[in-house]
Amino acid sequence: MRDEFGRDAPAGNPLYNLPAGVAVVADTVQIYVNLVNYDEQRLDEGREAEASHRRALAFLHLHYAALDRVVEDAGAQRVDFHGARLHAVIAEPAGPDFAAERVARGLRLALDMMALSQQANRALYDGGLEAKFRVGIDAGACVAIDSGRQDEREPLFIGSAANHAAKLADGSEPGVFVSPAIRAIFGLAGAHLSLEQVPAATQGELAQILKADRRLGSTFEELETDAVRRVATWQADVREHRAKTAGPSDFLFHEHRLPLRSIDYQELMPSNSIRMALVSIFADIDGYTNYIDSAVVSHSVAEAVRNLHVIRSELNAVVQDDFDGRKVRFIGDCIHGLIADGEGSNVNERDSVDSAAQCAGALRSSFHLCRDLLSGVAELGLAIGFELGPTPISRIGIRGERSVRVASSKATIGSESCQSVCDGEETRIGDVAYAQASPTVRAFFPSQVATELVYDDIAFQDPGSRAAAAAPEPVPAERHHAVP
């Protein structure tokens with residue numbers, strides 16, 4: 001397998017820990033697994049509390065660890081965990097002749113993970129953390145990159161297959177949902193349907209797909225046998241202190257001394273977790289999936305990936321350098337950040353919301369700067385959403401390097417929902433943040449949505465005018481160090 005620059009991809013698993021600047025185009029199977037009953041663990045009678053946050057993190061911890069144990073045995077790559085959604089990729093065996101087998105292995109991966117989670121719940125948690133799953137699977141060419149640091153990997157798969165699998169996993173009905181493209185590969189009914197119309201696969205359809213895995217034992221019966229075996233190994237690892245379990249009582253919270261930028265994820269663990277009021281902000285590059293799909297066809301992936309690196313670097317710098325916030329992660333072409341203002345560990349909620357509104361304006365201003373200076377990105381936009389609320393922050397899952405940063409709350413889910421309904425020119429403020437915002441900031445958000453809100457507008461507090469006053473000094477949006 002070669003990268004976009006014609007070089008050999010790294011040996012071993014070719015899509016994990018890619019060197020900076022390397023982009024690999026590969027035929028993949030994208031698997032998203034969503035915990036559809038997550039809110040049952042995260043909420044108490046519709047509300048969040050410290051106890052419900054402990055229970056929710058323990059719930060995620062169990063299932064993150066289960067998926068990683070399956071992924072390690074399957075020759076797959078875990079891309080990311082984001083709240084209740086898990087993302088993994090199968091790229092082997094490579095080549096057009098093995099498309100059906102890759103799909104079968106991807107399905108087997110998802111079924112193995114669900115079986116292990118349920119078995120671990122019974123054996124390790126006395127059935128107290130039972131999960132319901134919705135799986136989305138699609139197959140197709142994607143671009144793989146990794147722009148993270150050694151201690152904070154940022155693997156990314158861009159392309160329609162990843163986008164479609166995520167959409168198929170988004171919903172409240174449990175089941176396995178395979179894309180129309182996969183249905184066409186296996187001659188299943190429904191190949192002509194839209195993503196929104198695809199029904200959950202039947203047991204017979206799943207069995208037909210599994211048969212394409214030429215390895216022995218791709219049957220439903222072996223799934224349970226493997227799950228029992230893996231849990232026994234897991235229990236032995238716990239007894240020998242090679243692994244840990246973490247129930248709700250193991251999560252201990254403290255409030256972090258501001259600024260949030262100083263959070264060191266390496267120091268976090270269940271017994272050293274953060275919980276405090278803050279603003280969660282999501283900013284998503286609108287139109288990037290179509291942009292990268294076109295780049296694959298036109299053989300201009302190198303330029304598209306360089307542009308993404310520049311834009312992501314700018315968005316990250318706005319959150320962390322300009323507003324003393326903390327990035328949680330990049331999720332595809334989206335950044336998730338946290339913002340809080342106050343003194344010591346005492347958060348001022350109104351000031352935090354006002355700072356988040358300025359941060360949203362600065363994100364758009366920096367994005368506009370990138371769009372002006374980079375070629376080929378004129379049609380892209382930026383959709384932004386933010387929301388306020390108490391939020392736990394920790395590292396969970398398999399301990400050590402495989403543990404995962406997590407910030408998950410009503411605020412994080414609300415901010416992502418706000419972003420998801422915006423187009424590339426809009427910024428939406430959540431209900432709680434809007435109620436806490438200053439009158440000046442609320443004036444920028446008629447019906448809680450602002451169009452083309454940039455930093456100068458909100459920094460000079462002139463919601464009635466789109467013309468910015470001349471700044472006496474450069475504002476954060478004018479930074480351009482990341483642009484080559």
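1. The protein chain contains 14 helices and 16 strands, and it should be kept in mind throughout that this is a predicted model. Of the 484 residues in the protein chain, 57% are buried.

2. On the overall fold, among the contacts in the protein chain with a separation of 6 or more, 69% are made by residues 24 or more positions apart. The protein chain exposes about 19700 Å², of which 48% is supplied by carbon and sulfur atoms.

3. Helix 3, which covers residues 99-125, and helix 6, which covers residues 203-210, have axes that come within 8 Å and cross at roughly 125°.

4. On the cysteines, the structure holds zero disulfides. For Cys-418, the closest cysteine sulfur belongs to Cys-422 and lies 7.0 Å away, which is too far for a bond because a disulfide requires the two sulfur atoms to be within 2.5 Å.

5. Are Cys-334 and Cys-418 buried or exposed? Cys-334 has a relative accessibility of 5% and therefore counts as buried, and Cys-418, at 9% relative accessibility, counts as buried too, because the cut-off for that class is under 20%.

Definitions and conventions
Residues numbered from 1 in each chain as written. Predicted model: local features only at pLDDT ≥ 70, side-chain atom pairs only at ≥ 80, totals over all residues. Heavy atoms only, no water. Buried < 20%, exposed > 50% of the residue type's maximum accessible area, 1.4 Å probe, protein only. Axes fitted to C-alpha atoms, helices over the stretch in contact; angles between N-to-C directions. Helix = DSSP H or I, 4+ residues; strand = E, 2+ residues; numbered from the N terminus. Contact = heavy atoms within 4.5 Å. Areas by Shrake-Rupley, 256 points an atom, 1.4 Å probe, with all protein chains shown as cover.
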